[in-house]
Amino acid sequence: MKRLIFSSVVVLFSRVIMAQAPPKPNVLFIVVDDLNDYVEGFDGQPQIETPNFREVEERGYTFLNAFANAPGCAPSRTSMLSGKDLNYTKVYNNDDYGFSFRTEFNAASGNEVVYTLPEILKDSGGYFTYYINKIFHGVDEGDMDNSTSDQCEKGDSWNKQTVIEESNEFVMEALSYTHSPAFPWAKIPDSLEHYMQDVIGTDSAIQFINAYAAGTVNTCGNPFFLALGYHRPHSGRLIPEKYFPPYYSDDIYEFPLPLPYNNPVNIYPNNGVVMPPQPTMKWADFFALPPTGIARTIADAGTIEGDIMAYAIGLTPLPLIATGLTTTQRLEVVKEVERANHVISYMAAVQFIDTQLGRLLESLESHPDLLENTIIVLISDHGYSLGEKRHYSKWSLWETDLRIPFIIVDPKKSGNKISTKTVSLLDIFPTVLAMTGTSVPKFDDGSAYLDGSSLVPLINNINTQWEKPVLSTYKKNATSGSCFPHYSVRSEKFHYIRYQANNATGFPGGACDTLSHVYEKELYEIGVNRETDPYEWKNIASDPDYKPIINYLDNFFPDSIFYNKKVNKVVITNNATPCLLSGTAKIKLKAKLYTPEGALIAPGALSAYQFKWSTNLTAVTFTGVNYTFNMASLPAAIFSAEDKIILYLHVYSTLTGKLVAFDMKTYYINSLFLPMATYNTNLSGAQVSILDYNITGTYTNTKWDFGDGYQTEDFLPAPYSYSSIGTYTIKNTVQYGNGCSINFSKNINITELKEALTSSEEGYAYNLYPNPASYL
């Protein structure tokens, strides 16, 4: 039998009158299935309307760089609720999970010791734990002790459970509204809404909250940990019609066919749903990956694109769409219509869940005392792709499948705080324990059990220095990619992915070659604020300039020195730098080193560390806390050919010689690379088009301001229509160098207004591939 061992402080006291401790906070724990960043504040989709998610964000702490530790339900939830990384749980995909949580942990797997978040809250924290619908993987397998009917004597994770399944009658009725068996989405009548699992689950949660506030529910005298699982936007998106954005295409044979997607792709005001961003050539980032590599094999595992193709080819007769179109053009329009319908159905499901969240919040707000003493945790179990990299669904290690909404409300603190520090679902367990004053579980030998880190330091001070890249893991259950785990490591700026091939060539029965190490790698510089390569279009893993960051992030894999550790953070600072450094400039660099807890290490203590500086342009190295790099030390031939220099800083322990911290910083150089932009404008009534746009030199981003409040970061904006007569200044802002920008402006005069043309009047555009928003 396992023994519970907790870190605690024993306090002996005599019989004295003591102030009563404040009541423990309740916890409302909300998990949304398959929810990506299509949420207001996370900016995954500009047309999504989620005011209730926004309200939770305004009440609490929003972590914009939050990631699941696995890109699928069973591995992610098993890891999150046990507080252990996948290297310990051994649940890498849904097939690894036997729908019985406890059986996954055993001596044969070397992981027989396991605790869960609700278990520790119940047994050590004094909480009444209650779950509604899917929290663990499998709705009706929630780690519930069924050996006793006495809720206050329950073992395992929960005191109470409510599991709701939609009736067969409802499911069959809802499915009758799909237009193809291949597409599990549909508008259903609003009158069916009250039969839906998520509506009834919300009703159950509201009933419990009202009863708790009234004192009419038995919680064994304890505060509550109420966990509510939402099923949508998981597949099977049969959603009431009122939640659908207006662009959904109901009838593919309507003539002429109104396009449900934005056409052109970046036109504003929008005339359709804004589709997931694509490179200049659609899916060019996907096709740039090795054709037989693991990444493409994983992406191709989804069936949606194939189903869309089969649906389009199988339509008899093929819809006319509009006059004058070729068969190829009509097929392409049909496919894009269904891709758009897929996106719209997902948006409808998210907006449906937002409404349920609003009902739940309203119930809390009707009991102010309860609201002021309830922690709210609002998360997703993983992300979801909607056609990015030709991938649909989940199970990839790309940003779309790993990035999640992650919001924590501390009722005792002011909210509306935003953090860009990297955090993960593993951090939920220790954070909730810390916020509720609950002891932390340990192994029998007294060592730390939890793999995550409490986020309370960030909640107390959102600017706390923090260095703990997120490790995410996936392993297929069969065929290519099934021999070894594949890893993603996400720092604040970079996303590094490493796949390990099966290495099975020549081995009998396809056995795995455990001695060889054949890796496929991807590296994307996303940027702290998603300003560099937010869509992961440019894989820079093979660029030698980025080898140092790959070497650093390798240390966060299992069996490496930084695995599951929060580590020292070093920050390179410098004197004021010009827009572009000249060949005689000097960069005065200084290192600031912080402890893993975020405290600045005093200068007198820095002798315990060695600071080693290097660059991408020379082999020269320098040691010391401060370093002045003289650009004149670069050979003239190198300086004249380069537009940037990267400074690397490795920090080592003088005692052990091991790496403890790393930072790198890019400085732009050489005025020969000063960007210049030219363009023309064409005015037709109130509509202006940008023509012949050309930009030279090196730049980091380009933005447009049309002078009436409309701004866009599209490389080449779509035609834009003004709503008022007047003179406007169109300004193209080109960002470049070391935090600088140049404006290129033109004035236009709007003398007449015309209504925008309808899609049938303006024709159908077939260039469905948007221009990139930034230089890559």
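C220 is partly exposed, with a relative accessible area of 23%; partly exposed lies between buried, under 20% relative accessible area, and exposed, over 50% (1.4 Å probe, protein chains only). C220 forms a disulfide with C152, their sulfur atoms 2.0 Å apart, where a disulfide is a pair of cysteine sulfur atoms within 2.5 Å. The model is predicted: local features need pLDDT of at least 70, side-chain atom pairs count only at pLDDT 80 or more, and totals for chains, interfaces and linings use all residues. Residues are numbered from 1 along each chain as its sequence is written, and side-chain values use heavy atoms, with hydrogens and water left out. Searching the whole structure gives three disulfides and 32 salt bridges.

**Disulfide C152–C220**

- The link of C152 and C220 is left-handed, with -95° about the S-S bond.
- This pair connects distant parts of the chain, 68 residues apart: C152 is in the loop between strand 5 and strand 6, and C220 is in the loop between helix 6 (197-214) and strand 8 (224-230).
- Helices (H or I, at least four residues) and strands (E, at least two) are DSSP runs, numbered from the N terminus.
- C152 has 34% relative accessibility and counts as partly exposed.

**Disulfide C483–C512**

- C483 is joined to C512 by a disulfide, with an S to S distance of 1.8 Å.
- The torsion about the S-S bond is -80°, and the link of C483 and C512 is left-handed.
- The two cysteines are 29 residues apart and link distant parts of the chain, with C483 in the loop between strand 17 (470-474) and strand 18 (486-490) and C512 in the loop between strand 19 (494-500) and strand 20 (519-525).
- C483 is buried at a relative accessible area of 14%, whereas C512 is partly exposed at 33%.

**Disulfide C579–C740**

- The disulfide between C579 and C740 has an S to S distance of 2.1 Å.
- This disulfide is left-handed because the torsion about the S-S bond of C579 and C740 is about -90°.
- C579 is in the loop between strand 21 (569-574) and strand 22 (586-594) and C740 is in strand 34 (residues 740-750), so the bond ties together parts that are 161 residues apart in sequence.
- C579 is partly exposed, with a relative accessible area of 27%, while C740 is buried, at 14%.

**Cysteine pattern**

- Counting bonded cysteines along the protein chain, the disulfides follow the pattern 1-2, 3-4, 5-6.
- C73 is buried, with a relative accessible area of 1%.

**Salt bridges at R102**

- A salt bridge is a side-chain nitrogen of Lys or Arg within 4 Å of a carboxyl oxygen of Asp or Glu.
- R102 forms a salt bridge with D143, and their closest N and O atoms are 2.8 Å apart.
- D143 is buried, with a relative accessible area of 2%; R102 is partly exposed, at 23%; D156 is partly exposed, at 29%.

**Salt bridges at K282**

- K282 and E336 form a salt bridge, with the closest N and O atoms 2.9 Å apart.
- K282 is in the loop between strand 9 (237-240) and helix 7 (284-287) and E336 is in helix 10 (residues 327-365), so this pair ties together parts that are 54 residues apart in sequence.
- Both K282 and E336 are buried.
- A network of salt bridges links K282, E305, E332, K335, E336 and R339.

**Helix 1 against helix 10**

- The axes of helix 1 (residues 51-59) and helix 10 come within 7 Å and cross at roughly 50°; axes are lines fitted to C-alpha atoms, for helices over the stretch in contact, and angles run from 0 to 180 degrees between N-to-C directions.
- Helix 1 is therefore oblique to helix 10; angles under 35 degrees count as roughly parallel, over 145 as roughly antiparallel, 65 to 115 as roughly perpendicular and the rest as oblique.
- On the helix 1 side, P51, N52, F53, E55, V56 and R59 meet I353, D354, T355, L357, G358, L361 and E365 of helix 10, contact meaning heavy atoms within 4.5 Å.
- The contact of helix 1 with helix 10 has six nonpolar, three polar and four charged residues.
- In these classes, Ala, Val, Leu, Ile, Met, Phe, Trp, Tyr, Cys and Pro count as nonpolar, Asp, Glu, Lys and Arg as charged, and the others, Gly among them, as polar.
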